[in-house]
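This report goes from the whole chain to a few selected positions. The sequence and the structure are shown first.

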Amino acid sequence: MKYKKNVYQSLMLVTQFSINMLVPIFGCSFLGIYLDRRLGTSFLMIFFFFIGSLAGFRNIFRMAKRIYTRDEGRDENGRKESKR
């Protein structure tokens, strides 16, 4: 039963990583397409795509940092947690 729990946790983690990466990219891309059509421009989609990519990478970085600091017994600020 322990094996199944680890598999489900790993699948959940992969799903969270992909959602945290794809949602900002698609959201900003669609916003850029909408604004391009609305304003009659052709460069906003590219600009917003890169903004979404940066936001996605930031989300992944923060999530990975939180996971690794929790595994090492540290809080979110990098300090060791005291055992009280």
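## Overall make-up

The model is predicted. Its secondary structure consists of two helices and zero strands. Helix α1 spans residues 2-39, and helix α2 spans residues 44-71.

The protein has 84 residues, of which 20% count as buried. Its accessible surface is about 7,300 Å². Carbon and sulfur atoms account for 63% of that surface. Among contacts with a separation of 6 or more, 47% are between residues 24 or more positions apart.

S53 lies in helix α2. The relative accessible area of S53 is 9%. Buried means under 20%, so S53 counts as buried.

Leaving aside residues up to four places away in sequence, S53 touches M21 and I25.

V7, Y8 and L11 make a nonpolar surface patch of about 300 Å².

L11 has a relative accessible area of 52%. The cut-off for exposed is over 50%, and L11 is therefore classed as exposed.

Technical notes: Residues numbered from 1 in each chain as written. Predicted model: local features only at pLDDT ≥ 70, side-chain atom pairs only at ≥ 80, totals over all residues. Heavy atoms only, no water. Helix = DSSP H or I, 4+ residues; strand = E, 2+ residues; numbered from the N terminus. Buried < 20%, exposed > 50% of the residue type's maximum accessible area, 1.4 Å probe, protein only. Contact = heavy atoms within 4.5 Å. Patch = residues over 30% accessible without salt bridge, like charges linked within 9 Å, V, L, I, M, F, W, Y side chains within 5 Å. Areas by Shrake-Rupley, 256 points an atom, 1.4 Å probe, with all protein chains shown as cover. Salt bridge = Lys/Arg side-chain N within 4 Å of Asp/Glu carboxyl O.
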